[in-house]
Amino acid sequence: MDVVSDRTKPRVKDYMTRDVATVSPDETVGEVATRIAESEEHSGFPVCERRRVEGFVSARDLLLAGDDDPIFKIMATDLLVAHPDMKVTDAARVILRSGIQKLPVVDDAGNLVGIISNADVIRSQIERATPEKVGKLMRTLEQIHEIDLTEERRTVPLAELTPTQGRVYADELEGRRYELERGLAEPLVVIDNGGTLLLADGHHRVLAADRLDIDEMDAYVIVIDHEIDLGMARTAEKEALERIDDIDVVDYARHPLVQTTKRLQSDGGDGESAE
């Protein structure tokens with residue numbers, strides 16, 4: 001039983017980046033420093049002779065070196081690496097305990113096959129949680145409507161989604177935008193109700209994506225082969241929600257309850273609470 005569950009746990013090979021930028025041991029400090037300065041995502045590189053990992057060089061390693069120094073003179077050679085079949089949770093422990101952000105992934109021959117970052121680890125945990133959410137929603141719908149449903153993984157166009165929530169909050173919207181920019185956002189949860197795509201979960205993510213000019217997103221889709229009367233569809237109709245532009249963004253700092261709390265705090269002093 002334990003062996004079976006262990007085999008189903010996410011592995012490094014499922015989440016690592018396979019197309020890895022590397023540098024040669026013979027490149028100069030100046031050349032690598034230029035590459036880091038011109039990149040928005042790299043703060044260091046694995047150092048490889050062909051595909052074999054010889055070391056790792058970070059921006060910090062370059063600071064006190066001369067521009068003409070070869071990388072092999074300053075690179076770190078005491079490396080922490082991951083194996084493709086390593087559990088993501090084990091890779092996470094190495095990343096967290098070492099304080100590094102990325103682990104080169106090498107095969108049994110010592111050849112570089114990928115790289116896994118702390119962002120990849122977070123994404124693996126997010127994607128593991130989402131199916132549980134989808135499964136719970138599916139079971140609820142099946143019990144209420146006495147039907148059998150199927151689930152698909154799809155890329156859905158945002159323009160085809162019907163919202164089922166009329167408002168989102170500005171502060172959380174910024175959080176979702178941050179996640180999207182770093183590839184950390186969990187998939188949406190969508191119900192395909194006989195061809196109508198109802199957004200069940202992910203309104204903040206969708207609006208953040210729209211602001212980033214993203215046209216489509218990854219989603220878990222619960223498929224209902226013929227349209228049925230769903231409560232969330234009635235909610236969308238009642239609130240006149242037809243497209244994502246119909247969702248209101250609320251600045252929580254200006255929310256009436258916050259303003260009331262501030263007023264009570266400034267007026268108070270007797271320690272009594274309002275009822």
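A residue is called buried when its relative accessible area is under 20%, exposed when over 50%, and partly exposed in between, using a 1.4 Å probe and protein chains only. By that criterion, His-203, His-204, Arg-205, Val-206, Leu-207, Ala-208 and Ala-209 are buried in α9, which makes this helix mostly covered, with seven of its nine residues buried. Helices (H or I, at least four residues) and strands (E, at least two) are DSSP runs, numbered from the N terminus.

The model is predicted, and local features need pLDDT of at least 70, side-chain atom pairs count only at pLDDT 80 or more, while totals for chains, interfaces and linings use all residues. Residues are numbered from 1 along each chain as its sequence is written, and side-chain values use heavy atoms, with hydrogens and water left out.

On the α8 side, Glu-172, Leu-173, Arg-176, Arg-177 and Leu-180 meet His-204, Arg-205, Leu-207, Ala-208, Ala-209 and Arg-211 of α9, where contact means heavy atoms within 4.5 Å. Arg-176, found in helix α8, counts as buried at 19% relative accessibility. Not counting residues up to four places away in sequence, Arg-176 touches His-204, Arg-205 and Ala-208.

Attention now turns to the nonpolar cores, each a set of buried Ala, Val, Leu, Ile, Met, Phe, Trp, Tyr and Cys residues joined through side-chain atoms within 4.5 Å. The largest has 21 residues, of which Leu-158, Leu-161, Leu-188, Val-190, Val-206 and Met-217 touch the most other members. At least two residues of this core come from each of α8 (170-181), β8 (188-193), β9 (196-201), α9 (203-211) and β10 (216-224). Another core, of 13 residues, lies apart from it and includes Val-134, Leu-149, Ile-222 and Leu-230.

Two loop residues complete the picture. Asp-213, in the loop between α9 and β10, has a positive phi of about 60° although it is not a glycine, and is exposed with a relative accessible area of 66%. Glu-146, in the loop between α7 (118-145) and β5 (150-157), is likewise not a glycine and has a positive phi of about 55°; at 72% relative accessibility, Glu-146 counts as exposed.
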